[in-house]
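The sequence and structure are shown first for reference.

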Amino acid sequence: MNRQIPYRMRRLRKSDVLRRLVRETRLHTDDLIAPLFVIEGKNSKNEIPSMPGVFQYSIDRVGEAIDALLVQGVDKIILFGIPAEKDELATNTYSHDGIIQKALQTLKKEYPQLLLITDVCFCEYTTHGHCGVIVDNEVHNDNTLELLAKQAVSHAESGADMVAPSGMMDNMVGRIRTALDESGYEDMPIMSYAVKYASAFYGPFRDAVDSTPQFGNRKGYQMDPANLREALSEAELDVTEGADILMVKPALAYLDVVKEAKATFNLPIACYNVSGEYSMLKAAAKMGWINHDDVLMESLLAMKRAGADMIITYSAVEAAALLKQ
Ligand code: PBG
(Lines give C-alpha, C1' and ligand atoms only; values in the text may rest on other atoms or scores of the structure.)
Protein backbone atom coordinates (compact mmCIF):
# COMPACT_ATOMS: atom_id res chain seq x y z
CA MET A 1 0.00 0.00 0.00
CA ASN A 2 1.42 3.40 -0.98
CA ARG A 3 0.77 6.19 1.42
CA GLN A 4 0.92 9.88 0.64
CA ILE A 5 4.18 10.91 2.26
CA PRO A 6 5.19 14.52 1.57
CA TYR A 7 8.79 13.74 0.73
CA ARG A 8 10.77 10.54 0.50
CA MET A 9 14.39 11.09 1.53
CA ARG A 10 15.21 7.52 0.60
CA ARG A 11 14.80 8.21 -3.12
CA LEU A 12 18.34 9.52 -3.36
CA ARG A 13 19.81 6.71 -1.27
CA LYS A 14 18.61 3.92 -3.53
CA SER A 15 21.86 3.10 -5.30
CA ASP A 16 25.54 3.67 -5.01
CA VAL A 17 25.57 5.92 -8.06
CA LEU A 18 22.84 8.13 -6.58
CA ARG A 19 24.56 8.28 -3.23
CA ARG A 20 27.77 9.34 -4.92
CA LEU A 21 25.89 11.98 -6.88
CA VAL A 22 24.52 13.69 -3.78
CA ARG A 23 27.55 13.18 -1.52
CA GLU A 24 28.38 16.48 0.20
CA THR A 25 31.83 15.78 1.58
CA ARG A 26 34.78 13.94 0.15
CA LEU A 27 38.07 12.90 1.61
CA HIS A 28 41.02 13.21 -0.75
CA THR A 29 44.58 11.95 -0.48
CA ASP A 30 45.71 15.55 -0.83
CA ASP A 31 44.06 16.34 2.51
CA LEU A 32 46.41 14.04 4.43
CA ILE A 33 49.61 14.94 6.27
CA ALA A 34 51.64 12.15 7.87
CA PRO A 35 53.59 12.65 11.12
CA LEU A 36 57.01 10.96 11.22
CA PHE A 37 59.32 10.42 14.19
CA VAL A 38 63.07 10.58 13.66
CA ILE A 39 65.75 9.43 16.09
CA GLU A 40 69.53 9.51 16.27
CA GLY A 41 71.61 6.47 15.39
CA LYS A 42 71.79 4.11 12.47
CA ASN A 43 69.65 1.35 11.07
CA SER A 44 66.89 1.78 13.66
CA LYS A 45 63.19 1.25 13.26
CA ASN A 46 61.46 0.99 16.63
CA GLU A 47 57.75 0.41 16.95
CA ILE A 48 56.04 2.64 19.51
CA PRO A 49 54.33 0.19 21.89
CA SER A 50 51.29 2.40 22.48
CA MET A 51 50.92 3.20 18.76
CA PRO A 52 51.03 -0.09 16.86
CA GLY A 53 52.12 0.46 13.25
CA VAL A 54 53.91 3.74 14.07
CA PHE A 55 57.71 3.72 14.26
CA GLN A 56 60.64 5.89 15.24
CA TYR A 57 63.17 5.84 12.40
CA SER A 58 66.82 6.73 12.27
CA ILE A 59 67.47 9.16 9.42
CA ASP A 60 69.02 6.46 7.22
CA ARG A 61 65.78 4.43 7.38
CA VAL A 62 63.01 7.04 7.44
CA GLY A 63 62.93 6.73 3.66
CA GLU A 64 61.09 3.42 4.11
CA ALA A 65 58.12 5.23 5.59
CA ILE A 66 58.30 8.01 3.03
CA ASP A 67 58.44 5.61 0.10
CA ALA A 68 55.34 3.84 1.43
CA LEU A 69 53.54 7.18 1.72
CA LEU A 70 54.56 8.32 -1.75
CA VAL A 71 53.35 5.06 -3.31
CA GLN A 72 49.91 5.90 -1.94
CA GLY A 73 50.15 9.53 -3.05
CA VAL A 74 50.80 11.16 0.33
CA ASP A 75 53.51 13.78 -0.19
CA LYS A 76 53.20 15.92 2.94
CA ILE A 77 54.85 15.06 6.23
CA ILE A 78 55.31 16.69 9.62
CA LEU A 79 58.54 15.79 11.38
CA PHE A 80 59.06 15.18 15.09
CA GLY A 81 62.55 14.66 16.45
CA ILE A 82 63.80 12.73 19.44
CA PRO A 83 67.32 13.89 20.29
CA ALA A 84 69.96 11.67 21.86
CA GLU A 85 70.49 14.22 24.63
CA LYS A 86 67.86 16.39 26.26
CA ASP A 87 68.70 19.48 28.32
CA GLU A 88 67.04 22.35 30.17
CA LEU A 89 67.10 24.74 27.21
CA ALA A 90 66.35 22.32 24.36
CA THR A 91 69.56 23.36 22.59
CA ASN A 92 69.20 20.50 20.11
CA THR A 93 66.19 22.28 18.60
CA TYR A 94 68.19 25.20 17.24
CA SER A 95 71.58 23.66 16.58
CA HIS A 96 72.77 23.07 13.04
CA ASP A 97 73.33 19.38 13.71
CA GLY A 98 70.13 18.88 15.70
CA ILE A 99 68.09 15.80 14.86
CA ILE A 100 65.47 17.69 12.81
CA GLN A 101 68.08 19.78 11.02
CA LYS A 102 69.95 16.66 9.93
CA ALA A 103 66.72 14.97 8.85
CA LEU A 104 65.72 18.04 6.82
CA GLN A 105 69.09 18.29 5.11
CA THR A 106 68.88 14.64 4.05
CA LEU A 107 65.22 14.59 3.06
CA LYS A 108 65.36 17.85 1.11
CA LYS A 109 68.04 16.28 -1.08
CA GLU A 110 66.51 12.82 -1.40
CA TYR A 111 62.85 13.83 -1.72
CA PRO A 112 62.62 17.26 -3.34
CA GLN A 113 58.93 16.62 -4.15
CA LEU A 114 57.96 16.15 -0.49
CA LEU A 115 56.40 18.97 1.57
CA LEU A 116 58.43 19.07 4.78
CA ILE A 117 56.63 20.55 7.76
CA THR A 118 58.33 20.73 11.16
CA ASP A 119 56.83 20.80 14.63
CA VAL A 120 58.30 23.81 16.44
CA CYS A 121 58.25 23.03 20.15
CA PHE A 122 60.54 22.03 23.01
CA CYS A 123 58.85 19.23 24.91
CA GLU A 124 60.68 16.42 23.11
CA TYR A 125 64.00 18.15 23.80
CA THR A 126 63.85 19.25 27.41
CA THR A 127 64.81 17.17 30.43
CA HIS A 128 61.74 18.50 32.24
CA GLY A 129 59.43 17.68 29.30
CA HIS A 130 57.75 21.09 29.18
CA CYS A 131 57.21 23.10 26.00
CA GLY A 132 59.50 25.97 26.96
CA VAL A 133 62.14 27.38 29.24
CA ILE A 134 61.53 27.02 32.98
CA VAL A 135 61.90 29.99 35.30
CA ASP A 136 60.69 29.58 38.90
CA ASN A 137 58.96 26.31 38.10
CA GLU A 138 56.93 27.81 35.29
CA VAL A 139 57.29 27.89 31.54
CA HIS A 140 58.53 31.41 30.87
CA ASN A 141 56.64 32.77 27.88
CA ASP A 142 58.94 35.47 26.56
CA ASN A 143 62.24 33.64 27.09
CA THR A 144 60.72 30.70 25.25
CA LEU A 145 59.71 32.93 22.33
CA GLU A 146 63.32 33.92 21.67
CA LEU A 147 64.38 30.29 21.40
CA LEU A 148 61.34 29.28 19.34
CA ALA A 149 62.31 31.99 16.85
CA LYS A 150 65.81 30.50 16.64
CA GLN A 151 64.37 27.02 16.21
CA ALA A 152 62.07 28.10 13.36
CA VAL A 153 64.85 29.95 11.52
CA SER A 154 67.15 26.96 11.96
CA HIS A 155 64.49 24.67 10.46
CA ALA A 156 64.12 27.07 7.54
CA GLU A 157 67.89 27.09 6.97
CA SER A 158 67.94 23.29 6.93
CA GLY A 159 65.23 22.98 4.29
CA ALA A 160 61.80 23.03 5.97
CA ASP A 161 58.93 24.07 3.70
CA MET A 162 56.60 25.06 6.53
CA VAL A 163 56.89 25.45 10.29
CA ALA A 164 54.21 24.44 12.77
CA PRO A 165 54.63 25.98 16.22
CA SER A 166 52.79 23.89 18.81
CA GLY A 167 53.95 25.23 22.17
CA MET A 168 50.95 27.50 22.90
CA MET A 169 53.15 30.42 23.95
CA ASP A 170 51.54 33.84 23.63
CA ASN A 171 52.72 35.66 20.49
CA MET A 172 54.63 32.62 19.23
CA VAL A 173 53.33 33.11 15.69
CA GLY A 174 54.17 36.81 15.69
CA ARG A 175 57.68 36.28 17.04
CA ILE A 176 58.41 33.46 14.60
CA ARG A 177 56.98 35.46 11.67
CA THR A 178 59.28 38.38 12.46
CA ALA A 179 62.31 36.16 12.85
CA LEU A 180 61.64 34.35 9.56
CA ASP A 181 61.09 37.65 7.74
CA GLU A 182 64.27 39.15 9.16
CA SER A 183 66.24 36.11 8.03
CA GLY A 184 64.97 36.25 4.47
CA TYR A 185 62.29 33.56 4.84
CA GLU A 186 59.33 35.83 4.23
CA ASP A 187 57.79 33.15 2.00
CA MET A 188 57.91 30.41 4.65
CA PRO A 189 54.32 29.59 5.70
CA ILE A 190 53.36 29.08 9.35
CA MET A 191 50.82 26.43 10.27
CA SER A 192 49.88 27.41 13.78
CA TYR A 193 48.66 24.94 16.35
CA ALA A 194 46.33 27.83 17.14
CA VAL A 195 43.89 25.94 19.30
CA LYS A 196 45.62 23.21 21.24
CA TYR A 197 43.83 21.76 24.21
CA ALA A 198 45.44 20.29 27.33
CA SER A 199 44.27 16.85 26.31
CA ALA A 200 44.70 13.34 27.66
CA PHE A 201 44.44 12.15 24.06
CA TYR A 202 48.18 12.97 23.67
CA GLY A 203 49.16 10.11 26.01
CA PRO A 204 50.59 7.70 23.42
CA PHE A 205 52.54 10.52 21.69
CA ARG A 206 54.30 11.33 24.93
CA ASP A 207 55.42 7.70 25.10
CA ALA A 208 56.61 8.01 21.52
CA VAL A 209 58.84 11.00 22.20
CA ASP A 210 59.36 10.59 25.95
CA SER A 211 57.94 14.05 26.68
CA THR A 212 55.71 13.53 29.70
CA PRO A 213 56.28 16.58 31.93
CA GLN A 214 58.52 15.68 34.87
CA PHE A 215 56.55 18.00 37.14
CA GLY A 216 53.15 19.61 36.85
CA ASN A 217 51.17 19.51 33.63
CA ARG A 218 50.57 21.64 30.53
CA LYS A 219 47.41 23.37 31.70
CA GLY A 220 49.26 26.65 32.19
CA TYR A 221 49.72 27.00 28.45
CA GLN A 222 47.48 24.52 26.63
CA MET A 223 43.76 25.26 26.58
CA ASP A 224 40.98 24.11 28.87
CA PRO A 225 38.84 21.54 27.00
CA ALA A 226 35.75 23.35 28.28
CA ASN A 227 36.35 26.48 26.23
CA LEU A 228 35.20 27.39 22.75
CA ARG A 229 35.11 31.20 22.78
CA GLU A 230 38.67 31.24 24.08
CA ALA A 231 39.60 29.03 21.12
CA LEU A 232 38.34 31.71 18.77
CA SER A 233 40.38 34.35 20.59
CA GLU A 234 43.49 32.18 20.25
CA ALA A 235 42.86 31.72 16.53
CA GLU A 236 42.09 35.39 16.00
CA LEU A 237 45.38 36.41 17.60
CA ASP A 238 47.25 33.99 15.36
CA VAL A 239 45.56 35.47 12.31
CA THR A 240 46.74 38.94 13.31
CA GLU A 241 50.21 37.65 14.08
CA GLY A 242 50.52 36.23 10.56
CA ALA A 243 49.52 32.57 10.64
CA ASP A 244 48.85 31.02 7.22
CA ILE A 245 47.00 27.92 8.40
CA LEU A 246 45.08 27.44 11.67
CA MET A 247 45.07 24.10 13.41
CA VAL A 248 42.69 22.63 15.96
CA LYS A 249 43.98 19.78 18.10
CA PRO A 250 42.83 17.13 19.01
CA ALA A 251 40.28 16.44 16.27
CA LEU A 252 37.45 14.04 17.07
CA ALA A 253 36.36 15.39 20.43
CA TYR A 254 36.71 18.97 19.15
CA LEU A 255 34.86 18.99 15.84
CA ASP A 256 32.62 21.80 17.10
CA VAL A 257 35.76 23.90 17.42
CA VAL A 258 36.82 22.98 13.88
CA LYS A 259 33.39 23.98 12.62
CA GLU A 260 33.43 27.29 14.44
CA ALA A 261 36.97 28.10 13.30
CA LYS A 262 35.99 27.35 9.71
CA ALA A 263 32.95 29.62 9.94
CA THR A 264 34.88 32.45 11.56
CA PHE A 265 38.19 32.64 9.68
CA ASN A 266 39.10 32.63 6.04
CA LEU A 267 42.40 30.79 6.43
CA PRO A 268 42.73 27.07 5.70
CA ILE A 269 41.83 24.95 8.72
CA ALA A 270 43.82 21.89 9.76
CA CYS A 271 42.98 19.38 12.45
CA TYR A 272 45.25 16.91 14.20
CA ASN A 273 43.90 13.39 14.54
CA VAL A 274 46.10 12.74 17.57
CA SER A 275 47.85 9.71 18.99
CA GLY A 276 45.09 8.76 21.45
CA GLU A 277 42.51 8.78 18.68
CA TYR A 278 44.77 6.52 16.61
CA SER A 279 45.52 4.11 19.44
CA MET A 280 41.91 3.76 20.62
CA LEU A 281 40.92 2.70 17.13
CA LYS A 282 43.78 0.21 16.86
CA ALA A 283 43.00 -1.28 20.26
CA ALA A 284 39.28 -1.70 19.62
CA ALA A 285 39.98 -3.23 16.23
CA LYS A 286 42.47 -5.64 17.76
CA MET A 287 39.79 -6.77 20.18
CA GLY A 288 37.50 -7.35 17.22
CA TRP A 289 35.01 -4.80 18.49
CA ILE A 290 34.90 -2.45 15.51
CA ASN A 291 35.82 -2.51 11.86
CA HIS A 292 39.07 -0.57 11.75
CA ASP A 293 38.99 0.64 8.16
CA ASP A 294 35.35 1.70 8.20
CA VAL A 295 35.68 3.59 11.48
CA LEU A 296 38.88 5.24 10.28
CA MET A 297 37.33 6.51 7.05
CA GLU A 298 34.16 7.61 8.82
CA SER A 299 36.22 9.56 11.36
CA LEU A 300 38.36 11.31 8.75
CA LEU A 301 35.26 12.16 6.73
CA ALA A 302 33.65 13.63 9.85
CA MET A 303 36.67 15.91 10.30
CA LYS A 304 36.22 17.16 6.77
CA ARG A 305 32.47 17.58 7.20
CA ALA A 306 33.16 19.70 10.28
CA GLY A 307 35.30 21.96 8.11
CA ALA A 308 38.87 20.70 8.18
CA ASP A 309 40.69 21.37 4.93
CA MET A 310 43.54 19.07 5.92
CA ILE A 311 44.16 16.37 8.49
CA ILE A 312 47.35 15.34 10.23
CA THR A 313 46.95 11.63 10.86
CA TYR A 314 49.10 8.62 11.78
CA SER A 315 46.72 6.68 9.53
CA ALA A 316 47.66 8.62 6.39
CA VAL A 317 49.17 5.66 4.55
CA GLU A 318 46.25 3.37 5.41
CA ALA A 319 43.64 5.97 4.55
CA ALA A 320 45.30 6.78 1.23
CA ALA A 321 45.40 3.07 0.35
CA LEU A 322 41.69 2.76 1.18
CA LEU A 323 40.89 5.81 -0.92
CA LYS A 324 42.45 4.10 -3.92
CA GLN A 325 40.14 1.07 -3.65
C1 PBG B 1 54.21 19.14 21.08
C2 PBG B 1 53.25 18.24 20.44
C3 PBG B 1 52.46 17.26 21.06
C4 PBG B 1 51.74 16.64 20.05
C5 PBG B 1 52.11 17.23 18.85
N6 PBG B 1 53.03 18.23 19.13
C7 PBG B 1 52.42 16.78 22.46
C8 PBG B 1 51.91 17.53 23.58
O9 PBG B 1 51.46 18.68 23.50
O10 PBG B 1 52.01 16.95 24.65
C11 PBG B 1 50.75 15.55 20.26
C12 PBG B 1 50.44 14.74 19.09
C13 PBG B 1 49.65 13.53 19.34
O14 PBG B 1 49.19 13.21 20.45
O15 PBG B 1 49.48 12.79 18.38
N16 PBG B 1 55.48 19.06 20.52
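1. Basis of the note. This is a predicted model, in which local features need pLDDT of at least 70 and side-chain atom pairs count only at pLDDT 80 or more, while totals for chains, interfaces and linings use all residues. Residues are numbered from 1 along each chain as its sequence is written, and side-chain values use heavy atoms, with hydrogens and water left out.

2. Ligand shell. The ligand is surrounded by 18 residues, a residue being counted if one of its heavy atoms lies within 4 Å. The closest are K196, R206, K249, S275 and Y314. By class, the shell comprises nine nonpolar, three polar and six charged residues; here Ala, Val, Leu, Ile, Met, Phe, Trp, Tyr, Cys and Pro are nonpolar, Asp, Glu, Lys and Arg are charged, and the others, Gly among them, are polar.

3. Polar contacts (pairs of N or O atoms within 3.5 Å). An N or O atom in the side chain of R206 is 2.7 Å from an oxygen atom of the ligand. Q222 places a polar side-chain atom 2.9 Å from a ligand oxygen, and the side chain of K249 has an N or O atom 3.3 Å from a ligand nitrogen. Of the 410 Å² that the ligand exposes when taken alone, the protein buries 100% (Shrake-Rupley method, 1.4 Å probe).

4. Cavity. The structure holds one cavity of 30 Å³ or more, a cavity being a set of points, on a 1 Å grid over the protein atoms alone, where a 1.4 Å probe fits but cannot get out. The largest cavity has a volume of about 100 Å³, the space filled by probe spheres set on the points. Its lining has 15 residues, of which C123, K196, F205, Q222 and K249 are the closest to its centre; lining residues have an atom within 4 Å of a point. The lining divides into six nonpolar, three polar and six charged residues.

5. Backbone. Most residues other than glycine have a negative phi, and most peptide bonds are trans. The peptide bond from K249 to P250 is cis, with omega near -10 degrees, and P250 is in the loop between β10 (245-249) and α8 (255-264). A90, in the loop between β4 (76-82) and α3 (99-110), has a positive phi near 55 degrees. Helices (H or I, at least four residues) and strands (E, at least two) are DSSP runs, numbered from the N terminus.

Terms used:
Polar contact = N/O pair within 3.5 Å; in protein donor to acceptor, adjacent residues only side chain to side chain. 1 Å grid on protein atoms, 1.4 Å probe; cavity = no way out; pocket = protein on both sides within 12 Å on 5 of 7 lines; lining within 4 Å.
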